[in-house]
Structure formats: C-alpha cells, structure tokens
Amino acid sequence: MRKIKYSEALGEATLLAMEENSRVFLMGEGIDDPKAVFGSTLSALKKFGPSRVMDTPLSENAVTGIGIGAAIEGNPCVMIHMRVEFLLYAMDQIVNHAAKWNYMFGGTMPVPIVIRCIVGRGWGQASQHSQSLHALFAHIPGLKVILPATPADAKGLLYSAIKDPNPVICIEHRWLYDKVGEVPEGRYEVPIGKANVLIPGKDVTCVAVSHQVHEALAARELLLKDGIELEVIDLRTVRPIDTATILNSVRKTGRLIIADTAIKTCGISAEISAMVTEQAFHSLKEAPVRIALPDAPTPCSPALEEVYYPKISDIVEAGRRLVTGSTGDAVQNVPRLVAFQGPF
C-alpha cells in the first residue's frame, strides 16, 4: 500500500468529498495562501479555486455563523481555523446554534459542518496557541469531536465527518502533518465513535489521544524488553467515546493508562477513568493512571516545555509500576511543572 503524509491524507478526503458533492465548500482564514494549511487544502484549491475554497476575514464568530447558515441550507461546509483557540471567538455559534439546531427542530434541520482546527506545540506557541481543548467541545451535546492520529485515519475520519449530517469538530496536532503512513486510495470511511486497537497486549491497556498515540507505541516497544505487553488503543473520537472497546480491553488486562494531550483536571482522561471505574471496577487490579498536562498554562520557553509536556518515559514508568510495582532503573524521574499559585 502507498504511503503519504497526514496533511496529504486530509487533502485527499476533502477533494473526494468535494468531487462527490458539488455543494461541499471550504472556508477559513488563510486557507488559500501558498502554505494551504500545512498543504491540506492545496489539492482542493488547485481544482476548484476560490469559488469553493474561500479565504475569510479575521472575524471568527461571524464567519462561523455564515458556515453554519450555509450548512443548514444544505451546503456542507468545511470551516478551518488555524488554531483551536480561535474557536473560542465562535463559541456562541458552535455551542448555541450548530450543536442545538437540529435538536430544536425535531431532527428536520441537520447542520453538516466540519470545523477543523490545529493544536500548536513548540517554537514558542505558549499559552494562547497550544491548548488542547477537545474536552471542552466533547462536553456539548450535539457535537462530535474527532482527533485523527494517523494518515489513514486523517483521511477516513475527515471523509466521514464531511458526509455526517451533524457538526463535527476535527482537532489536528501540528506535529502530525508530516507523519507518513499507509493510506488506502479512493473513498473509505472510518466510523466516528469507534476506537482502534492498534496493537493487542495482555498486561496493560493504554488509551491514547492524538499525538500521544505515537508516544504510546514507542513506549510499548520499551516495555516489551521487560516482558510487559501494552495494548495500545487509539481513541480517535472523544465524542462519542467508544466505551465498549475500552471496557473489553480493561477487563482483559486489569490495568489502565490514559495518555492525553490536554490538562488532566476535568479532561477526557478523567472521563475515561470515571467510566472504567464505574463499569469495570472489579476487573481493575490497580488504580488507573492518567498521563496528561499539568494544571498550568503552556510555557513559552523551550526549557520549560521540556518539563511541561509528558514523555514516552512517563508511559513506560506507569506501565512498569502498574505491573511490577516498580519503575525500574532505566526510567528516571522527570520533574513536572506545578501550577502557578499566584496571580497571572
């Protein structure tokens, strides 16, 4: 099977959907510039031009409202915001209109809009351009939230999202755009709400989100040297969550690690931990372990980023501790940035 980049896979999904339905269109800030959102809108721009790939002003609330209105009128919209934080300007449109419209009209007025946004990290993204806010949107009934971690899922999930009659938030980690992987040619759908067991294992379940999927796969290789098998589950969708796949895995392994890209408190890791504790408590041999960001804004300094973001070693350490009660000699303790207690 051929291999392509994550960004190219997003572009293929978009192009296929636009070819299939002449009413599908793209709009967003800077999506027609030479970089074309890490290259993901380039193929659509070349084929359909500005009539269906539309650059928009920096007015997120108004532009998102236009996209929602077009979707309600039967024109599926792919709205692209260059950072997830920019969605905060459009929360009224997303939460009070897109998420609720079809419900308020008894299921007769679907809102087929996909809102793509990017999670930044590195080169000084800092606290206002690097937040993982998927739990915020997953909290809202009526929204679906996807976080593709591989090129194959980037294509299949985005294609499914564009065809879905409901509003979908697609959150993309900027470290994934250059990831290369096997991607089928032509049309295919990855079902929204279905997790993927990437590699089975008998000792520990690791449910990973977005870029943490790749960290979990690397941790699995290190744990195998200790005879510990990590079952890696790519969650893929945080609304709805595939509870059946997670519970089946935990009932087999008895141990759970949740590796998230967001803040730990009130996040998806907390939701999964609560769900497993409520529904599979007697299968657990140890308490679930959550690996996530500390309760502090993202630092700008590269030195502080090193201690802020979780590492592969954190998953390895957690796996060893859950199985043997010890972290072993190979993994050293990594300091963690504590939440700042004074005024910001």
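This is a predicted model: local features need pLDDT of at least 70, side-chain atom pairs count only at pLDDT 80 or more; totals for chains, interfaces and linings use all residues.
Student: Okay, why is Glu20 put in its accessibility class?

Tutor: Its relative accessibility is 40%, so Glu20 counts as partly exposed.

Student: What makes Lys163 and Glu20 a salt bridge?

Tutor: The rule is a side-chain nitrogen of Lys or Arg within 4 Å of a carboxyl oxygen of Asp or Glu. Lys163 and Glu20 come in at 3.0 Å, N to O, and a salt bridge it is. Lys163 sits in helix α7 and Glu20 in helix α1, so the pair ties together parts that are 143 residues apart in sequence. By the way, helices (H or I, at least four residues) and strands (E, at least two) are DSSP runs, numbered from the N terminus.

Student: Which other residue forms a salt bridge with Glu20?

Tutor: Arg187 does, with the closest N and O atoms 2.9 Å apart. Arg187 belongs to the loop between β8 (180–182) and β9 (196–199), so its pairing with Glu20 in α1 links parts 167 residues apart in sequence. At 45% relative accessible area, Arg187 is partly exposed.

Student: And what pairs with Glu19?

Tutor: Lys47, with a closest N to O distance of 2.7 Å. Lys47 is in helix α2 (residues 42–48) and Glu19 in α1, so that bridge connects parts 28 residues apart in sequence. Glu19 counts as partly exposed because its relative accessibility is 36%. The structure holds 14 salt bridges.

Student: How do you know that α1 has the span a helix should have?

Tutor: The expected span is 1.5 Å times one less than the number of residues. For α1 (residues 6–20), with 15 residues, that gives 21 Å, and its end C-alpha atoms are 21 Å apart, so the two agree.

Student: Why is α1 called largely enclosed?

Tutor: Because 11 of its 15 residues are buried. Among them are Tyr6, Leu10, Ala13, Leu16 and Met18.

Student: Lys155 is a lysine; is it buried or exposed?

Tutor: Buried, because its relative accessible area is 1%, against the limit of 20%. Lys155 is found in helix α7 (residues 151–163). Leaving out residues up to four places away in sequence, Lys155 touches Glu12, Leu16, Val183 and Tyr188, among others; contact means heavy atoms within 4.5 Å.

Student: How do you know which burial class Arg320 belongs to?

Tutor: Its relative accessible area is 9%, so Arg320 is buried. Arg320 is part of helix α12 (residues 312–324).

Student: Which peptide bond is cis?

Tutor: The one from Arg239 to Pro240, with omega near 0 degrees. Pro240 lies in the loop between β12 (237–239) and α9 (243–253).

Student: Last one: how do you know whether the chain matches a compact globule?

Tutor: The radius of gyration is taken over C-alpha atoms, and the globule rule is 2.2 Å times the number of residues to the power 0.38. For 344 residues a compact globule would be near 20 Å, and the chain has 20 Å, so it agrees. The C-alpha trace spans about 60 × 45 × 45 Å along its principal axes. Buried residues make up 55% of the 344 residues, and the chain has 12 helices and 14 strands.

Definitions and conventions. Residues are numbered from 1 along each chain as its sequence is written. Side-chain values use heavy atoms; hydrogens and water are left out. Buried means under 20% relative accessible area, exposed over 50%, partly exposed in between (1.4 Å probe, protein chains only).
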